Amino acid sequence: MPRTAAGAAALVTLVLLLVLAATAPDHLTDARRELAFAGPGDVAPFGADQLGRSLLQYAQQGASVVVGPSLAAAGFVGVLSIAGGLLRCVGDQRVDAVIQVLAEVLGALPRMVVILVSAMLIPSTSRGLLPLALIWALLAAPGAMDEAAAVAERLGGARFVEALRAHGFSWSRVFLYHIVALNLRPVVVRQASEVLLQVTFLELGLSYLAVQDSQSSFTHPDSLKSWADLLYMGYTSIGLDMPTGHALALGLGLVAAVTLMAKLTTSAVRAR
Amino acid sequence: MKAWWVRPGVRLLAAFALPLLVPGIITAFIWALPGDPAEIICPPATCGGTAELAARWNLDAGPWNFFTRWVGSALQGEFGRSWRVEQGLPVADLLWESTPITVALVLLALVPIALGAVGAATGLIPERADGAFATVGLVPALVFALLGSAAIVVRFGAGAFGDEANLWRLVIGAAVLGISDGAFASAVSGVRGLFAAERNQRYVSIAVLRGEEPLTNMLPNVAPALAGQLRARVLHLLSGAVVVEVVLGLTGVGDLLWAGTLLQDFGVVLAAATAFAVLSAALLSIQALVEVAVALHVRRAPALTEAA
């Protein structure tokens, strides 16, 4: 797929998700039992749940839960991986050593274990997806920084900077344009996209497990529904023959949309 | 240039430190938060008897006292008793029962990953298949696990928790872990990339000219990197095991950790997290030992012939 088309498709998907999130209601509408499990034909555009409430509201609330924190985590990893690349260009071996030790220690911890321990310890008043997303991003950051540093090293590191300075380019142009925009961009955006996707899947996983056990999720208040609720509702259509196939299709469709957006973004910024 | 033993030495040090680091960080985190530690780990809204809890868990005498006493007990296999997941049962018993399931799940999940790595190294898996693997790998473990769980329910119905169904859960869980979240795809592409880069080395060309197998020549040199990749894969599997175990109803350490987190059972969470840290430390040690073995192997002087 051409880079421009991939970028445009990713942007459209992101805008749609942002619109969904921005228009999310604070609470689901009142039940209309006569429309229970109604299909998309009866309750447009995605059908209804067991109480006749539109699944569009689930999609909106789920987007509002996941979009902000996953973008924040992606941004956090992006900034740190840029820092990793630039630090390699500065050529300070002590900083490199610190990053490698951090990568070794943080990389040795299974991320889900850290997330669950954090979820338990974070005070209930501060609970939400954002702190967990940032912790996930922090755990992913050393790897991203290391990869960006490897790219900077292939460029020539400090010698590359010296050479461009000798050509008369300013510091800001060398670092921001030649290194970040032209060379680090593919790896930084790919890492950020991967973290965005991982945080979305993390939310789905944590919320699904909580819904399955009829407990409150660590990622959002009880008044909001996650996309995991759609998957949980839809799952019963497979095992128990409930008429909830439309919920499963919507849940999987939303997961696919985020996955596609992340992959298209990576594709749009790939190296020439 | 750094001495050859520095890197494996650091890994071994990290391996020894990790099982202490995890409870240490958790302890520091609890005391860094504002408020009473006992109320943080089990808020009064969900737990009663906070004072008794604090006394039983040594939370009332400062972080150092708590940490040293917990580690001292843990070294003797004593992790206290669960207060919510299985009230009154020793946490060590819960860990002892659940660890084999997680180990079996992860070892079984390593089978497709190992096959993929071997296929990529030997060229049996063509490069054009990577795209298809990457596409399948985009599916999150949760979605595959849900499909697997539904398949179990459809296949076994009311007997979904019998022995045969449990065996199927384990096999399906391993397949889910081994394929989803890019596990298989990245094993194939990672190993392929490693061997492709090594194949460009001059010694490989010389080995080919001497009529030797490139793979056997490359293997000792890529072994440390392969061990590093394998460690990363196993960590990835351990992380994913939490979701897969809970969705498929496998009562492993991941399931125990989830139950402890959900029910605010601090003793269970601390012990389960430490168990994961011990597993991770074992992986670090294995990687360090592989690095040491390779370093000693390449430094072994060949026996001199008479002509030499």
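How far apart are the end C-alpha atoms of helix 11 of chain B, and what would a straight helix reach? Helix 11 of chain B covers residues 214–248, 35 residues in total. Its end C-alpha atoms are only 43 Å apart, short of the 51 Å that a straight helix would reach at 1.5 Å a residue. The expected span is 1.5 Å times one less than the number of residues. A kink of about 55° lies at V222(B) in this helix, shortly before the proline P224(B). The bend at a residue is the angle between axes fitted to the seven residues ending there and the seven starting there. After helix 11 of chain B comes G249(B), with a positive phi near 75°.

The model is predicted; local features need pLDDT of at least 70, side-chain atom pairs count only at pLDDT 80 or more, and totals for chains, interfaces and linings use all residues. Residues are numbered from 1 along each chain as its sequence is written, while chains are lettered from A and ligands numbered from 1 in the order in which they are written.

The predictor gives the complex an ipTM of 0.84 and a pTM of 0.87. Chain B averages a pLDDT (the predictor's confidence in each residue, from 0 to 100) of 88, and 96% of its residues score at least 70. Among the elements of chain B, helix 5 (residues 91–122) has the highest mean pLDDT, 94. Helix 3 (residues 50–56) of chain B has the lowest, 79.

Chain B holds 13 helices and zero strands. Helices (H or I, at least four residues) and strands (E, at least two) are DSSP runs, numbered from the N terminus. Along its principal axes, the C-alpha trace of chain B spans about 80 × 50 × 30 Å.

Helix 1 (residues 6–32) and helix 4 (residues 63–75) of chain B pack at an angle of about 150°, with their axes 10 Å apart. Helix 1 of chain B is therefore roughly antiparallel to helix 4 of chain B; angles over 145 degrees count as such. Axes are lines fitted to C-alpha atoms, for helices over the stretch in contact, and angles run from 0 to 180 degrees between N-to-C directions. Residues of helix 1 of chain B including P23(B), G24(B) and W31(B) meet residues of helix 4 of chain B, among them F66(B), F67(B) and W70(B). Two residues are in contact if their C-beta atoms, placed from the backbone, lie within 7 Å.

The contact between the chains takes 30 residues from chain A and 33 residues from chain B. On the side of chain A that touches chain B, the largest share, eight residues, comes from helix 4 of chain A.

Note on methods
Angles under 35 degrees count as roughly parallel, over 145 as roughly antiparallel, 65 to 115 as roughly perpendicular and the rest as oblique.
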